[in-house]
Each structure stands twice: as structure tokens, then as C-alpha cells.
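Thanks for making the time, everyone. Let me put the structure on the screen, and then I will go through the interface and a few details with the criteria stated as I go.

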Amino acid sequence: MAAKEATVYIVDLGASTADCHSGRIESDLDFGMRYVWEKIAITLSNNRASDRVGVIGFRTDQTAHQLDAEEYPNISIIKPCESIKMSHLKELHRDIKPSETNDGDAVSAIVVAIDHIQQATALKDGKPGKYKRTIVLLTDGQGHMDPDGLDESGGIDFDDKEYGFKEEDKSEIKVFAEAIEYLSMPQVKPTRPYSCFQGKLSLGNWKEYEETALYIDVNRYFKTKQKKPESASTVVSRPTKGAMSGQSSSHTIGGDLEMDDAPAFNGDMAAVKNDRVYTVKAAEDDSTAENGKLTVDRDELAKGYAYGSSAVAISEAEQNIVKLETFAEFTIIGFIPWDKYERYLNMGESCITVADSTNDKARLALSSLIHSLHELESYAVARLCRPVRKGSEEGKDPEIILLAPIIDNEIEALVDVPLPFAEDVRLYKFPPLDRVITTSGAVVKTHRNLPNDDLVEAMSDYVDSMDLSKFGKNEYGKPTEYMPIEDTYSPVLHRINQAVRRRATHPEETNVGDPADVLIKYSHPPQDLVEKAASALDALKQAADVKQVPPKVKGKGKREAIKPLSDLKIDLLLNSRRREKISPDNSIAEFRQMLDHADGTDNAGLLRDAAKQMGDIIVELIQRHAVGTSAGTTEEQAVENMTVMRDAMIEYEEPELYNKFIRPLKRDLLSGKMGENRTRLWFKVKSAKLGLIDDGTSEKSPVSAEQAAEFLGSKAAELPTRSK
Amino acid sequence: DYMVLKDAVIFAIDISKSMLKPPPPSNSKKADTDSPAAAALKCAYQIMQQRIISNPKDMMGVLLFNTEKEKFLDEEVASRGSLGYPHCYLLNDLEIPSAEDVKKLKSIVEGDEEMADILVPSEEPVAMNNLLFCANQIFTTKAPNFGSRRLFIITDEDNPALKKEAKESATVRAKDLYDLGVIIELFPISHPGSNFDRTKFYDDIIYRDPNESDEALVAPVVLNSSGSDGISLLASLISDINSKQVPKRTLFSNMPFEIGPKFSISVKGYNILQRQQKAKSCYVWLGGEKAQIAEGETTKFTDQEVQGNETPREGGNKISEADLKASVKKAYKFGGELVSFDVSEQKGLKDFGAPILRLIGFKPQSMLPFWASVKKSTFIYPSEEDFIGSTRVFSALWQKLQKDELMGLGWCITRKNSGPSLVAILPSAERLDEVTKGQVFPAGLWLYPLPYADDIRSPPEQPNPVRAPDNLIDSMRKVVQQLQLPKAIYDPSRYPNPALQWHYKILQAMALDEVLPEVPEDMTVPKYRQIHKRAGQLIYEWGVILHDEATAYNEARRRGLKHEVDDDQEKPKKKPRATASAASLADMSTTDLKKLAVDGRLEKYTMPQLKELCSAKGLSTSGKKADLVLRVEQWVEESY
């Protein structure tokens, strides 16, 4: 972890800083303060109580500091160098304003700052505390600067080597601009090394075969760990304060109260909490049930697991019964050559294993393993059970990891990645990419899905022309790798951090702005390279002859007749067999088959008839609803039929046929005409988004998107509230 | 999408006389003893247990046909009157399997007396149209709104409908299934001497999966009733069904893959790798006749007042959704307080544009450090739906990356508002199972997520490494050579997750009220006896050398301390061999490299070291050792 930090910002508040330069509409002070605000925000976001921040103004109207006011005039300590809280920001925003004067000088301010920071970071006995001290000077360089004074301040003797001194004392815009650019450079926060295994790496069972098995004392640490943006909590703006007073009685609802992880609150925000209610299927004759469900109290419930649809309760004392008993251990299963492993099998983050640094024998032993793996170009496959707690003998569930040797001047270690178990690999089959297998099983090498020689060659040239391995430049201008991992920053992480810092320091701004350029640098290939590869790309396009599929040809009867594998003319057979009437048992298939006929002259009539029949079947399905288990599925069936009908009416451009059906259905569901408690079905319809077809979905619809949203939105509040 | 990603599968198993006939006796140890029907039932039993673990929300049913007995969904029978499905016996309803379902299959597989009368074949065969409509009705009523519905037919009869009329009726019912969105998968079993001929009947009732591009086929498999090549019918059935039992679910569809400016093809993404986790514990209600899982519903409210509900609930002062939405904000902890954003604003922070996979360029695969791993990869495969010609372009790219051991670098946004990631695009060669010849890994490209600078951690600072002396390394090398994994590969299928299997084994036993198993089967435990037998002596020898070297090292160090060696760096006793120090070949100055080149000492370095050097210098890493050495020598010359 980084050392404690103390920073004093010396800010030039001279009257001249109110001016604007370089075509900016911001004052020089505001422009320069961006840097300071951002730095303060970073300190705030680190949230470390020991960090100190102070702000000293110079060329101020007043003089207020610890030293001789006569000798160092027009300098004020705006915020003493202490810990900083959000509440300080408001005061700073108030106080950091250009003054009426141009008197006062930067070097004196530095003297004041040095003295102040020393005092602020001294231990009780007067000795300097262990701090990284930094003084940042922000000035437009227009004020008086006494070079002798600078010598003086520079002559002060510090025994703390880490003392940092930072100046930005020229009025050149470049300096400011660099500082501002620096701001958008994401800061990678250093993290403490995290040990995730400490113990013996073994080969063979040394407990059983003392002489013919081995173990080496090792430590294993994280090597990569995905840094995720902090998650946001959900809060609600509190209504006016007055309305809330006197309502502080606690809220009680049967069930759990789970706080969303929320810290202290501003006066105007309240946490959103979760209330969990548990229900079970009620017995058929249970009169207290609602919608076939019974609400049960948390206290009546046992802990357990699902086995398929069966519930298995496990008593509190037996909770461990389902856990595989293991010992904390790290043991090698075997070895495989490097070229027999595919990188895409990596399941996640890597770790690094080093020998116990206090045990020379272990260091020698591990070194021999590392070097032999290196020489044999092999990996080790190992089983790892991390201890449940640090130092515990009991192990967590086994993992399988792949260990690779790394050797350089500083370190010899094994780096590992997690491997998949049998259950983690899904057997999805895909046709091969270098040959085509036809229906009859024949293998074809020339096919429109396979590249011809021209395409292969054009692709090869293009790929070669887009080589990044030497496209970057190092600090000496020598070609080097472009986009090395060390130069890539998580766009979402840093974008959120930057936005949060900005919002914290400037709550009045309503726009969060665009992501910094550095975050989207690798969203496109480098322009120079694209230009260089342009001709190769053209050749590739030519050889590829890729055609974009035009937007789906909508319409009536344009669908190709579907045939089984045998090319049997099933549609003819169907035509001769099916009647005009859709049977409720087989409604989806017969509805679709009926529509397949819609290629002739009287589509409108046919579609109207099909929609009418389908509508009736849906209503029948809804009404067939009976208490008991099948209730759910007939409702689900109704929803599926509605989905099919709606999609078909969109496809055949008859949106009104569906709309005319859904309008009265909604009314009847909500009014109770279709039976008690049918609001629940309406919610299913809502969540399946089966409302009116709007003109955005189907051109022929007279319903606007807003009307459709309103129809479906049907605010919960409008629903008749069921009485208790 | 309301058409939820749920899957319903019905196993339709033929119980005809020929299916029940065990294979002829054989002297071979590996010979099959299961009748095809028994193998099919065992397979269903095994797959059901497997699905409870891997697809806990999916449904499965078992429908026997050509049975003397008849059974359909219990509750419906009465209402349907006399119209039934002769010779169809619904053994397991199409449901999320329960412990009872597993038990039922188990007892039939184990030849329980009570179940014996179910496995009596009918004199006359089932009418195929009836069987298909029976399945239709099960899917319609039991699995509405399921995104995937499949009928697996396991049979040895390739011509079940001899009469024209019967065949036509069956084809019409098959078309109904197709229009209902049910896919038929056939698992045909051939008997010795007579091959199952799909063209007689089944090609007329099977349609291609509309989600698959039309000519993209994997060669069909025919199973053999008496097993083949030493693999039992059961094993090949399980392997074949397993490759189809999980519906191929796309992670993203028709995503533009921008190969270059204004040049895109479309690809689909698949989660071939997915950590299978134990289901979380839940609450169980024991107040009723049967233990039941209590469904939890979450309602959000503020500490003062109920502001809205996710689900309609009684009481509470509900505020309209619109008002609730307006007042809800997303807040981040910052400096001990909360900094808030509007919900849409906060979403916008993650918005870096529409879904896309954009190529940034290419690097040799050797430039991907081993440790640079943060997340599993996603498999991508071309799709012709948006761009005709996608497949051939994809194939050309795949061939090039494969041939030159290159990787693409990509900027990838898989879903709207999901935030971008940087990925390496790695090619994979098709890998087939050596025995069954079934595909284990497909040919295609993988999106391999790269870590960011933010994700890199370091171990605490280490003292300078103590390098093992040559004799110790040599000794260890012999050990490593003795202990290669079978076929020198890591084959995931050999290592079921022991904790996961144990968890469900215990639950199964508890649910069925059976005796709990005592000894877990754990394939991940090293074969200690074998290690002892194959490498024990070598490990012992290594131990002796280590002991001597460690003693010598400590001795040298003590002496070193006495003489107060001014640098406190521990030097190994022996001079490190070339290979050992050469790991830093890539870090060497050009002058040193030139010396090595002039002296011809580059050859002494290992391939990986040379490769590392080449990739560090941006040289190609392909070819033999001599090629690399030559390349380095040339580079050294040119760099002056």
C-alpha cells in the first residue's frame, strides 16, 4: 500500500487570474483549478483517513497564516492541511475566487507551505511523520517572483528523502495543458499483494510415500485480478423534507429486510431496501391461498437445496453434508507439453507461485522444477484446494490449474491459470471451416462457404499489412509492440471514476461529458496503419465479394415452402388435408399452416378468418383456466398463442387484426369479466410485451409508439387495488 | 424476450421386440450386454441426472412407444374421453425432473419387478402419426413459451409406416411439430447386417433446425446395436445425445465483425465454456404434504415508505411507476458520501456504442503472455444472415491465423451498454475424440479477453532467485518426463468436478431417502500409486541431490557471510548454465546479442527463449530453431 500522503496546493488568486486566455471562456483560475479539483477528488475517492490536503492562496486580499504576516503578506491558508471530506468542497468552491489584488508572491507562499506541511505532518514529539509530502503550485506567473526567496526555501534541509516538490510556475499554456492532459491519464491504483495459498506444493503423496514423493514450501499470489468499477447503489430522492418529518416509525413487513449496501446519506437521498416475501403452492382446498399460492413466513422455512424440482431440506447442523471434504493442498497431477495446450481453455484470472523466500532448500527445489519445465517446454497440471481460512487444514472445493514456468533476473516462479472441468465444457458441434459436408455426407473442398485461393491470398496480405507487433514506438523512437497490456486501461472503470470525481467536485454540472480519448484509443485501428493497409483491404473486399442482406422482405406468401430433408412436398399434402377450421388442440401449427396459404388473391379475408379463430382460441384457453396446477400452463399457452398471432400479424402487415383483439382483451382481463384475479395474466402479457402493434413495428398501424406504450404501461396505480 | 431460454426434451424410446433383444453373447470382455432399449433407458437415466446439475430449469420427459400398455398425462386422460394414444406410454411427464422421476428411471433400469410389465412390447406397432401428435400435445400443454423444444427418437425401425396413408398422416403430424417449433432428433440404431436407412421414412419427417444455416452440417451418426470398436452402444448413445442435449444457445447473434473500415461480416457468439456452479441454497417449506421450495419475490421500498413494487402485491402505498422511476437514482460511494446520477445518465457511462467486434490489427500469438488471463473466452462462428459471404471470409481469416500462429486484436462490445473489452482473437483447430471421432472442440475463433493495466497484480518483492544447479535440474527433468498426462493433453472430460458431483449425489440420495454414499469419486486426485511406481525412484534420487546441494549452498552462504561479501546477493554455488540465465535473452542489450551471434552461441538457447526474443523484437516466431537463430542474427546485423 502506498505511503500516507500530504499535499498542499498553493493557488494563485491574483486579480489577473480572472482573465481568460487562448480563446477559452473559462477564467485562467477555473482552468487551472481543474487540475487541483481532480487531484483533490482522487484523494477523496481513495477515502483514506490518514491523507491530508491543504490549500493556500496567495495574492489574496487578506493575509492569514502561521508565519510573520509582515514578511509574507497576501497569503492565506484557505484549508489547513488536514484530512478532507466532501463537505470541505463547498467551502473551497466558495473561497477560491480571484481577489482584488495582484500583490503577493509565489516564493513566499512556498515558504509558508513548507512550514505548514511540516507542522501538519509532524508526530506528537515533533519528529517528521512518515508522509509523502507534495506541494503543488498553481500560478499564472504574472505576479512577482523573488528568486532569492526561492533559494532560501530550497535551502531548507529535509531529511525525508521522499519529499516531493512540484512546480507549475510559468504562464505558458503548455504547462497547463500538459497538466490537464495528465488528468485524463488513468491512474492505476497499486494493490497489496494478496496471498491465496501458503503451504506445500507436492508431487506424489508424501504422507504415504515418504521417500518417493516430494513437497516444496510455496506462496501463491494473485497475478491478475479484474478490477471492476464500484457498483452503484439504488437510492431514491426523498420528497420534501417537511413531508417526511414525523414519519420515522420503522417500516415493518413480514420477511427479510435487506439493506442495499449504502453508506451515509445526504439529506436528500434514501436507500432503497429490499423486502422479500416467500410463497409456496397451496394445497387445492386451501381457502387462504391467493392465485394458488400461500405466503409463508421466513421463520417457517428450512434451509435446503433444489434437486431438480424436488426440495431437499437440510437441518442447520447438517449444512456441511453436501460439501466435499478436502484438505488444503496443492498437488501436481501430471505434465503436458506447451504445444498441446490451447489458450482458449483458460477459465480466468492467473496467479503466481514462488518458493517460500525464507527456505533456501525450497527455493532450490522449486527452481529445479521451474527450469526442468522450461527446458522440456512443459506445463504442470495441478489440483489445488485452498484452505477455507488462512492456515486452516480444511480445504475449499478442488480446482485444477495449469502451471507455467517464468524465469528472469528478478524472479523464478510458476504462473497458473484455472482449467475447465468436464461439466464446464459444452459440446456444441460446428461444421468444419476448411471443408463442407453435404446432406449426403460427401466432403466438398470447393464451395461458396469456403474461400478460393484469391481470397486466401488477399486475406493473408491484409493480415500481414495490419501487423501491430512493431507498430508502436518506444521512448527512443524504436519500433516496438503497439497496444501492450501495460498501456491499456479499462474504459468503463476509468470513465465511471472520472465521472464520479467530476460530479463530486462539480455537482452543478448536468452533463457527464464524453469518455477521455485515452480510454477509446484502442477502439479503432491506428489511422496510419489503416492508410498503409488500404490497398490490401480493397483487394480483400474484391476477393471476398460480401453482400449485405437487404432488410427482410416482408410480406404475404413470399416465404419459400419448407421441406423436410427428403424434399417431400409437404405443403401439397397439407393443402389436401387441412380444413378451414383451426383445432384448438393444435392451434399454433394449424394457424401457421393456414397463413402459409396466404399467397393468393383474398389474403385479407383469410387473415381475418385466421385471426378471428386464433382470438377465440386464446379466449377459450384463458377461460379454461381452472384452479390448481394446470392454471399456470393454460395461461402460458394463451400467452404463447398471442405471441404467435402478434408476430404473424406483423409479418403479414395486418396490425389492426391483432390490435382489435388485444384492446377488448385487456379490458376484460382487468374488469374481472374473464374471471377473478386475471390481473396476473395481464402482467404476463405486459412482460411478454404483447401490447398494441405500433407504427414503428408495422407501417400500416395507426397506433403511435406513445399510444402503444401507454396501453401497455397501464400504470400499476390505475389498477383496481385489491382489498385486503 | 418472453420466449425464455428454456429447453424441453422428450426422449421417445422404442420398446419393440428387436429393441429389447440383447446382443448375441460374445467372449470379448468389452462386448455389449445391453439390449438397445436398455441402453436407451440407461442413457435417459444418466442424462436426466446430468441435466439436473447442468440445466436445473429445463424440462425432460420420457415417452416409451410400441408398448402394450398406454399412459398419457394423468389429469388429461379423463377429459379426453376414449381418444388416447395406443402403444404410447408416458413414463416421465415433461417436467423439471424430480427425485421421483430419477427413481422411476432408476428402478426400470435396474430391472425392478414392478416396472417389468411396462417393458412389454405390443403386438402391432404404434401409429407414427399418433406418437408424433402425442408428443405435440405434451409440448403444447407442458412447455408453452419454451424457446427450445426437442423430440429425441431412439429406434431401430427405419420404416415404421409401411402404408402410404399411414406415412402421409405421420408426415403431416411431423409438419405440425415443425410449425410448433419442435425439432426432431433421430438416434438410429443399426443391427449387424442391416443398416438403418433414413431415406425410407425419417427424412420425410425431419426438418433442419431453422437456426442453422442450411448447408452447415455435421456428418450424421449411426449407432450400432452391438457396439462398435469396443465402445458400447450406451457409451456412443450418451456421447451422441450429449452433443445434442444442450441446445446451442447463442450469446449474441449477427454481430458485425469489422475486419477493416467499411468491411464487415457477421458472427454469432457461443458460451462453450461456462463454469458449472452448484445451485445456491434456497428456503424449503415443510408445512405441506411434500417439501416445497419457497419462491422469493423482492419488493423494493425506501426506509420511510413503500414506493413501488416489482410485482403486484397487496397493500402498500404504491406510487406510480413513472414517479418511482423519476425519483430513483444511482449512487456511488465517494469520500464517505454518495454521489448520484440519474439512472439513464449512469447507464450512459457504460455506453461505448452499439455491439461490434472491430479488428485493431494482428500480433504473433507468442506476444500473448501466459499470465495475461482474466476471463473465459467466447467462441465465435460466422453467420450468413446479415452478410452473404461471411463464412468464406471468416474461414480465410481463420486459416491465416492458424497457419502463421497469429492472433487478431479486437475491440469488442457484445451487448448494448455492456461496456467494451479488448480481446485477442485466437484460432482453434477442430479436435476430435480419438475413439468416438466425435467433435470435442470446433474449428473457429475465440474472443480471449485481455487484462488491462488495472488488472495486473504483483507478488511481494522477492529476494533474487536461487538458481538450482544443473544436476538438480537434470534430475527433476527425468521426473517430469516420467509423469506426462495420458496422450500428453489436458482432457477436461476426464475430470468431472468432484465437489459438484458430490453435492448432487448427496442431494439425490437425500431426496430419494437412500443411504448416503460414503466415498466420493474424485478424479482430480493424482494417481499416487502410479507416481510412486513410475517416478518414485527418480524423486528419491532428486531428494538426495537436493539435500546435498542445499547443505552445500548453506555452507557457502555461511562462509560468504563470514567474509562479508559486500553485495548481499546470494549466488548459487554453480555457474548457471546458458539456458538458465538466458531467460533474459530478450532483455539483453544489442551488443551482448551481437556477441552471442558472432560466437554462434545463440544455438545454445532453447526454442522458447528464442521465440521470446523474436517476439520482443517483433520478429516472426514461426519456423524451426535454425530459422529463428538466423532471423535473430540478421536482426542483430541490421540493427547497427
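How many residue pairs are in polar contact across the interface of chain B and chain A? The rule finds 88 of them, with both residues at pLDDT 80 or more, where a polar contact is a pair of N or O atoms within 3.5 Å; within protein, one must be able to donate a hydrogen and the other to accept it, and residues adjacent in sequence count only if both atoms are side-chain atoms.

On the side of chain B that touches chain A, the largest share, 15 residues, comes from helix α14 of chain B, residues 528–562; helices (H or I, at least four residues) and strands (E, at least two) are DSSP runs, numbered from the N terminus.

A word on provenance: this is a predicted model, in which local features need pLDDT of at least 70 and side-chain atom pairs count only at pLDDT 80 or more, while totals for chains, interfaces and linings use all residues. Residues are numbered from 1 along each chain as its sequence is written, chains are lettered from A and ligands numbered from 1 in the order in which they are written, and side-chain values use heavy atoms, with hydrogens and water left out.

As for the extent of the interface, 257 residues of chain B are in contact with 256 residues of chain A, contact being heavy atoms within 4.5 Å. The buried area, meaning the accessible area (1.4 Å probe) that two parts lose on being put together, summed over both, is about 24300 Å², and carbon and sulfur atoms give 63% of that.

Turning to charges, there are twelve salt bridges between chain B and chain A, each defined as a side-chain nitrogen of Lys or Arg within 4 Å of a carboxyl oxygen of Asp or Glu. One example joins K278(B) to D397(A), with the closest N and O atoms 2.8 Å apart. Over all chains, the search finds 48 salt bridges, including R220(A) with D416(A), at 2.8 Å from N to O. Because R220(A) lies in strand β7 and D416(A) in strand β18 of chain A, that pair ties together parts 196 residues apart in sequence.

Finally, strands also pair between the chains, which requires at least two DSSP bridges. Strand β8 of chain A runs antiparallel to strand β12 of chain B over four bridges, and there V236(A) has V328(B) as its bridge partner. Four bridges likewise join β12 of chain A to β9 of chain B, with K303(A) opposite Y283(B). These last two strands belong to an open, antiparallel sheet ordered β13(A)-β12(A)-β9(B)-β10(B).
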